[in-house]
Amino acid sequence: MNAQQVLAQFQATGVQTCFHGRHIEPQIYKDLDGTNWRLKDYEARGGYQALKKILSEGITPDQVIATVKESALRGRGGAGFPTGLKWSFMPRQFPGQKYLVCNSDEGEPGTCKDRDILQFNPHIVIEGMAIAAYAMGISVGYNYIHGEIFDTYDRFEEALEEARAAGYLGDKLLGSSFNFQLHAFHGFGAYICGEETALLESLEGKKGQPRFKPPFPASFGLYGKPTTINNTETFAAVPWIIRNGGQAYLECGKPNNGGTKIYSVSGDVELPGNYEVPMGTPFSKLLELAGGVRKGRQLKAVIPGGSSAPVLPAAIMMQCTMDYDSIAKAGSMLGSGAVIVMDDSRCMVESLKRLSYFYMHESCGQCTPCREGTGWLWRLVDKVHRGVGKSSDMDLLNSIADNIQGRTICALGDAAAMPVRAMIKHFRHEFEAMIQQPSAQQAAAQA
């Protein structure tokens, strides 16, 4: 097979992910069927009405930011930082060029929500970015799209052309004095470029490696100019907020966690896919929407926010609601909303081995603790999994994780360390059982 045929084996259609009709009060995925992604379809669903409202009614940038603050919209890419507050950091009176960037470099294992937004509702992202640009006085934006979703990149380019032709992008939008040029940029599949400063380096044509902070992008971002970066889903939430008001969006969720959130549910469930539900929905309800644990098995553990989030045992997870504060209180992170479900057939040592290999492979190598430490973590977990580990390896794993976490330029080191610490904390008995029981090779040699 040629390269295109090989890649085609892994290209998802989205049919299994977001067109199942089991969302609860959806705002972004509402009324999508996989074919109605074009401009005329989006306008029929009320698209671009929020942008028209702002420009025709003379709503000021400060009013837009205040509305977003009121909504309690938090960044959907992982950090959960308040979006309106982030927008207020942009220096409004800066005399030179400023930039807006959409982070569509969706590379977190378990996450596939942004791909479906760009593929099946691209204009909602374009409108959201245009509104954000207006609020911050920005005239140029870029959407950095993950390098392994080629068809999605092409789809977004088509949507950009439609928006330009209709006057929603370009100079003097809809007859106003507001100018906004938006461009798509194709990444090359590096997980590290999901980190915002590594993304900026890549966007500038350099090797995708994180920058030291400070300075932060709001003061020194793309090409050294003030830059605001938000996730795809974050921008996609903005048009609904402007049309319906910040208070209405807040009431869709819970205090400090406004609106709906898209969760990518994968792993040991009967109906994996993307589920858009209000923030604060009980995890038990989300699991029910996904068909429950597969084959009637028992729930063992859940990684609630993508592979970098600490794992939580079933007993703890079943008491949680799906929002930033509840998951943080339980000892993990909501992250990107990638909910990885594991049943009682899963070996946690093997699961951690797979995760550790991923972070070793994806480390950019810039920081010594991450470059060397991720390899040590994987080799130690692999050693335990092969049945040749020692009791002291548990303490050594925790020690290495401690020396990685918080000691790197970006959060990839933390992402590699936190799963290790959480797995040992909650499932130490499984590691110890593999250490105490010799491997098949050892048993044969002893015989």
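## Close-ups of a predicted model

Strand 8 (residues 299-303) and strand 11 pair in the antiparallel sense, with 4 bridges between them. Pairing here takes at least two DSSP bridges between two strands; helices (H or I, at least four residues) and strands (E, at least two) are DSSP runs numbered from the N terminus. This is a predicted model, where local features need pLDDT of at least 70 and side-chain atom pairs count only at pLDDT 80 or more, while totals for chains, interfaces and linings use all residues. Residues are numbered from 1 along each chain as its sequence is written, and side-chain values use heavy atoms, leaving out hydrogens and water.

**View 1. Strand 11 and its two partners.** On one side, Ala301 stands opposite Met342 in strand 11. Strand 5 (residues 260-267) also pairs with strand 11, this time in the parallel sense over 4 bridges, and there Ser264 sits opposite Ala338.

View 2. Five strands line up in the order 6-5-11-8-9, with mixed pairing. Strand 6 (273-278) and strand 9 (312-313) are at the edges with a single partner strand each, so one side of each has no neighbour in the sheet. Look for Val302 opposite Leu312 in strand 9.

**View 3. Both faces of strand 11.** In a regular strand, side chains alternate between the two faces of the sheet. Here Ala338, Ile340 and Met342 point one way, Val339, Val341 and Asp343 point the other way, and all are buried. Buried means under 20% relative accessible area, exposed means over 50%, and partly exposed is in between (1.4 Å probe, protein chains only). With 6 of its 6 residues buried, strand 11 (residues 338-343) is therefore largely enclosed by the rest of the structure.

**View 4. The largest nonpolar core.** A nonpolar core is a set of buried Ala, Val, Leu, Ile, Met, Phe, Trp, Tyr and Cys residues joined through side-chain atoms within 4.5 Å. The largest one has 59 residues, and Trp87 and Phe156 are among those with the most contacts inside it. Helix 7 (residues 122-136) gives the most to this core, with 11 residues.

**View 5. Two cysteines.** A disulfide is a pair of cysteine sulfur atoms within 2.5 Å, and by that rule the count is 0. For Cys364, the nearest cysteine sulfur, that of Cys367, is 6.2 Å away; Cys364 is partly exposed, at 22% relative accessible area. For Cys370, the nearest is that of Cys410, 6.6 Å away, and Cys370 counts as buried at 6%.
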